[in-house]
Amino acid sequence: MIRKIADRVYNVGAIDWERTLFDEIVSLPQGTSYNAYLVQGTEKTALIDTVEPEKYEQLITNLEELKVENIDYIISNHAEQDHSGSIPMLLKRYPNAKVITNAKCKGFEKDLLHLDDDVFITIKEGDTLELGDKTLRFIMTPWVHWPETMTTFLEEDKIAFTCDFFGSHAATTHPFAEQYDRIYHEAKRYYSEIMMPFRQIIGRNIKKIEALKPKIIAPSHGPAYSEPKFIIDAYKDWISETTKNEVLLLYVSMHGSTKMMVDALVDSLGKRGIDVKVRDLITANLGEIAMDMVDVTTIIIATPTMLAGPHPSAVYGAYIANALKPKVKYVGIMGSYGWGGRTVDILKSNLGALKVELLEPLLIKGMPKEEDYAKIDEFAGKIEEKHRGAGVLR
Ligand code: FEO
């Protein structure tokens, strides 16, 4: 389905309604899209990004419907295959086309797609490409979320094609975001899963995009934004150092003792005016956990001791937090054990990348007793103190 973005600018990419999993880990409750943008100048035609190879036929159907007989340039903003994977097939169909990208992306695509050196024209920051009455300018926006990522700016129409940056996993027939609540949610999920570890550099890249004063931001997943301020402001909020008065409690429980501790902690935190998000690590999906992490002040990992250490799912929870590097300020470990083990040391060793204060761990033996409930209440009191100190609870 063709989605018109501006005069002779079309989204000819693919809508993937059925896909439920990305990177074999990220769930896609709203499907996704791989946007490829056709820009037709009076002299030359460019295609900005391509599609996941298995959706190549959708791209070709759209190009045929627009009666596109020649593509001069394939602009590649990002080497990951959901955007670059159809380049080899497109080069067979349009043998005169050249792939326009930066040197780093070229290197990746030679490895990932086995493309020859001579199909590339290499560009750098600020270079332009004339299509006749339309001009493309290239702006390096690295680490959103690979080192080679860049943005292509269509100067006359003021459209920033940002690839993954500002994207959302959302399948929709609409060219532009209309259901803002839905798109906010999916864009936040997308940010949390792959962009969050690069918060600092994302801040610099946002400034670069703002400086362009775009009228439209057109990412390569989900709808485009005819009101760029909506997604730029959302990103500014997500990358800021400001957290909310929230605790994310990730837990796993085998025989119920750890769950009893979790319930008591939730109760005590709630009475203290702290919002709690509780996720069972056995059933929660990564997307929900990642999104929860965007704004929380504190993460608590609760686990029984198993095989002389934390439950493997608790290690997974710690590993995910460590890899996503949210702006969380405090992390706590709690749980129940039978006879001993290295639960705290092992979890701590999986949290080394987080710049956080580790709260004094709370481990109890067996099922919580009356004095243990008092300790859980004290533990909640420590969290309250920290939230007050951080200014998120008044
Ligand atoms: Fe949508 Fe990084 O690929």
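**Entry 1: the β2/β7 pairing.** The model I am reading is a predicted one. Strands β2 and β7 pair in the antiparallel sense, and I noted three bridges between them.

**Entry 2: side chains of β7.** I then examined β7, which covers residues 37-40. Y37 and V39 point one way from this strand, while L38 and Q40 point the other way. I checked burial for these four residues and recorded all of them as buried.

**Entry 3: from β7 to β8.** I followed the chain onward and found a hairpin that joins β7 to β8 through four residues. The two strands pair in the antiparallel sense over four bridges. For Q40 I looked up the bridge partner in β8, which is T45.

**Entry 4: the β1 side.** I turned to β1 and found that it pairs with β2 (residues 9-11) in the antiparallel sense. This pairing runs over three bridges. Within it, I recorded Y10 of β2 as the bridge partner of K4.

**Entry 5: the sheet as a whole.** I placed these strands in an open sheet of seven strands with the order β1-β2-β7-β8-β9-β10-β11. The pairing in this sheet is mixed. I identified the edge strands as β1 (3-6) and β11 (120-122), each of which pairs on one side only. I also looked up the angle between neighbouring strands of the sheet, which averages 25° with direction ignored.

**Entry 6: K55.** I located K55 in the loop between β8 (45-48) and α1 (56-65). Is K55 buried or exposed? Its relative accessible area is 16%. The cut-off for a buried residue is under 20%, so K55 counts as buried. I listed its contacts, leaving aside neighbours within four places in sequence, and found A14, D16, E18 and Y34.

**Entry 7: the whole chain.** I counted twelve helices and 24 strands in the protein chain. Its C-alpha atoms fill a box of roughly 80 × 40 × 35 Å along the principal axes. Of the 394 residues, I recorded 58% as buried. Taking contacts between residues at least 6 apart in sequence, I found that 73% join residues at least 24 apart.

**Entry 8: surface and charge.** The accessible surface of the protein chain comes to about 16,300 Å², and I noted that 51% of it belongs to carbon and sulfur atoms. I recorded 47 positive and 57 negative side chains. The centres of these two sets lie 5 Å apart.

Key
Residues numbered from 1 in each chain as written. Predicted model: local features only at pLDDT ≥ 70, side-chain atom pairs only at ≥ 80, totals over all residues. Heavy atoms only, no water. Buried < 20%, exposed > 50% of the residue type's maximum accessible area, 1.4 Å probe, protein only. Contact = heavy atoms within 4.5 Å. Areas by Shrake-Rupley, 256 points an atom, 1.4 Å probe, with all protein chains shown as cover. Lys, Arg positive; Asp, Glu negative; His and termini not counted. Charge placed at Lys NZ, Arg CZ, Asp CG, Glu CD. Pairing = 2+ DSSP bridges. Axes fitted to C-alpha atoms, helices over the stretch in contact; angles between N-to-C directions.
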